[in-house]
Amino acid sequence: MGHHRSSTSPKQRGDPLPHSLILLDACVAINLAATDQLPHIAQTASVTFTLARQAAAEVGYLRDLIDGEVTLTPIDLGSYDDATLEVTILTPAEYPLYVDLARTVDDGEAATIAVAATRGITLATDDRKARRVCAELHLTEPMRTLGILHSYADTVGLQHAQLRNLLVKIRDRASFQPARSDPDHKWWQEIVGDH
Amino acid sequence: MTNHANLEPNALASRLRAARESSGLTQAQAAIELGVSRPLLIAIEKGTRAATPEELVKLAEIYGKPVSELQRSSPPPIAIGARFRAALASATEADDLSEAIGRLENQADNYLDLLRRARSEAPGRYLPARGIGHLDPWQAGEDLATEERNRLGIGDGPIRPLRDVLEIEVGLRVFLLPLPRSVAGVFVYADELGGCIGVNISHPAERRRWTMAHEYAHYLATRDRAEITPVTQRRQPPESERFADAFAANFLMPRSGLSRRFHELKRSKDGKVTPALLVQLAHAYEVSVQALTLRLEDLRLIPSGTWDRLRDNDFQPRAAARLLGLELSEQAAAALPLHYRLLAIQLYADGEITEPQLARYLGTDIVGARLAYQELTETGDVSDDGSPQIVDLAEAAG
């Protein structure tokens, strides 16, 4: 875990958390897992992250450099406590939309969007195609990886070096490059130092 | 959202049937798993009764297939499996090979889906099959190899980007597959996709090139039947195999160019033919020293039996190449055709497919797909911090 100033956290450990959910697609889940800070990000934002089972099946591996060798590190979603992350199963009532969406996008995005649409849960995705499908369904504009992290960094008051470390981990372990159209792209560039 | 007009009737039905068959379940077993009667499952597979969303989700789970793949708008290319099954009747590695054939079938299906999504066509022009009739297989192989080189305008020198030539100029689809050790490659002609070659991914680069050229010959002359090429030919190989080997030898090492280079090198070594010369020439043509030596024997440029003598004297071609600094750089060979990968990358860049779809097409996980995207969109330039600069095709497209 990187350094954080717990005194600035809005909620102390043990405080009751409001039951608020953010639905992640596999790609955002990979990015947040790469930070090694997922539990603290959830706690700080007073949310539980949720993944549809089909999206959870897509997360795969991070890439870590160990003794000069690129190593595949499995993303173990089961290692997070229930307050941090839960995996949800579609109900039969959600199947028709899921099946319809799966003609256009992969099973994970289809299940995620179907859950977001039917249960009214806030969704986070960076995927251009998935965001377009959300817009076609008139869903609330989804959050993005950098939006979640920017908010987290502001809330806990991360110092520049700590924040850079966090973002570099996503770049290197998850090979994430934000789109230029991402509202936080400039912020990312300034912190990570790419131009 | 979905363009139902593009859906081919019964595509779902035939995909469900193919998925059940590849999972090894009978209709009765699948019906029990689904909790319906056998006649109802048969009706779903015939397309006379539409599957409900709940049934479709459950069938996808039973067959281990994504719901999205089952709903592709065209039927699966089942002809590939059927043609191989016919050829497999006499093969001993039927079990081992059936997995590889399933993989080839799946990759061909992916390729067709990418082409459909991109509203594009696979590269290459259709060439009618060439009959070799009653010609001597060796002569037919040499004649056709020369003709093909002329048609492709590649002179008589070594062909370095062989796979590119076959994929882009000839229009073959080359897949590197995990095949049984004893199998060098496979060939099948699929009506929708053209000639598909599967090459053993675990074989050395030189051997893979020979296999590609060998299967290319099958495409040119005997494409109506699927071929499974063993590493070691039988003592009396069929004429089609002798023809394909003759074509490969002549296409990779044409008589005129090889003779010229051989004599030039021989002159530079005071007229002596040394093992180092053979290693050097094999490196230039990117073939094995064995293939090169046997070719020179055939062309009567060196005495017959030279390779046997080298082998009896425990000659180690790889060690010799290493010593001479002439090892082929064994780059991580891409399993999928370049055009296939570029189609997938461009569709992702255009926002036409999602990141997990890109990963599935490329046969990797999501982070692997991101790396592949960056690799295929990287320029030779570097950013200010020294990292490779990436041309974001999505941004370029606006």
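Biologist: Where do K169(A) and D36(A) sit in the chain?

Modeller: K169(A) is in helix α8 of chain A, and D36(A) is in the loop between α1 and α2 (38–45). The pair links distant parts of the chain, 133 residues apart. Helices are DSSP runs of H or I with at least four residues, strands are E runs of at least two, and both are numbered from the N terminus.

Biologist: Before we go on, what are the ground rules?

Modeller: This is a predicted model: local features need pLDDT of at least 70, side-chain atom pairs count only at pLDDT 80 or more, and totals for chains, interfaces and linings use all residues. Residues are numbered from 1 along each chain as its sequence is written, chains are lettered from A and ligands numbered from 1 in the order written, and side-chain values use heavy atoms, leaving out hydrogens and water.

Biologist: Fine. What does E94(A) pair with?

Modeller: The side chain of E94(A) meets that of R119(A) in a salt bridge, 2.7 Å from N to O. E94(A) lies in the loop between β5 (85–88) and α4, and R119(A) in helix α5, so the bridge ties together parts of chain A that are 25 residues apart in sequence. E94(A) is buried at 3%, while R119(A) is partly exposed at 33%.

Biologist: And in chain B, which residue does R255(B) bridge to?

Modeller: R255(B) bridges to E142(B), at 2.7 Å from N to O. That connects helix α12 (residues 255–268) with helix α8 (residues 137–152), 113 residues apart. R255(B) is partly exposed at 40%. E142(B) is buried at 11%. Chain B also has a network: R15(B), R72(B), D109(B), D113(B), R116(B) and R117(B) are joined by salt bridges that share partners.

Biologist: How many salt bridges over all chains?

Modeller: The search finds 30. The interface of chain A and chain B has 3 salt bridges. R63(A) with D365(B) is a bridge between the chains, at 2.8 Å between the closest N and O atoms.

Biologist: How much area is buried between chain A and chain B?

Modeller: About 3,200 Å², with 53% from carbon and sulfur atoms. Buried area is the accessible area (1.4 Å probe) that two parts lose on being put together, summed over both. R103(A), R128(A) and S175(A) supply 19% of what chain A buries against chain B, more than any other three residues. In contacts, meaning heavy atoms within 4.5 Å, 42 residues of chain A meet 38 residues of chain B.

Biologist: New topic. What's in the largest nonpolar core?

Modeller: It has 85 residues. Among those touching the most other members are L24(A), F49(A), F84(B) and L358(B). A core is a set of buried Ala, Val, Leu, Ile, Met, Phe, Trp, Tyr and Cys residues joined through side-chain atoms within 4.5 Å. Helix α7 (residues 94–118) of chain B gives the most to this core, with 9 residues.

Biologist: What does L358(B) touch?

Modeller: Beyond residues up to four places away in sequence, L358(B) touches A344(B), I345(B), Y348(B), I353(B), A369(B) and Y373(B). Apart from this core lies another, of 56 residues, including V165(B), F247(B), F251(B) and L278(B).

Biologist: How do the chains look overall?

Modeller: Chain A has 9 helices and 6 strands. Of its 195 residues, 53% count as buried. Chain B has 20 helices and 6 strands. Buried residues make up 49% of its 398.

Biologist: Last one. Which helix holds T306(B)?

Modeller: T306(B) is in α15 (residues 306–312) of chain B. T306(B) is buried, at 13%. Its side chain reaches the backbone oxygen of P303(B) at 2.5 Å. Leaving aside neighbours within four places in sequence, T306(B) is in contact with T293(B) and E297(B).

Definitions and conventions. Buried means under 20% relative accessible area, exposed over 50%, partly exposed in between (1.4 Å probe, protein chains only). A salt bridge is a side-chain nitrogen of Lys or Arg within 4 Å of a carboxyl oxygen of Asp or Glu. A polar contact is a pair of N or O atoms within 3.5 Å; within protein, one must be able to donate a hydrogen and the other to accept it, and residues adjacent in sequence count only if both atoms are side-chain atoms.
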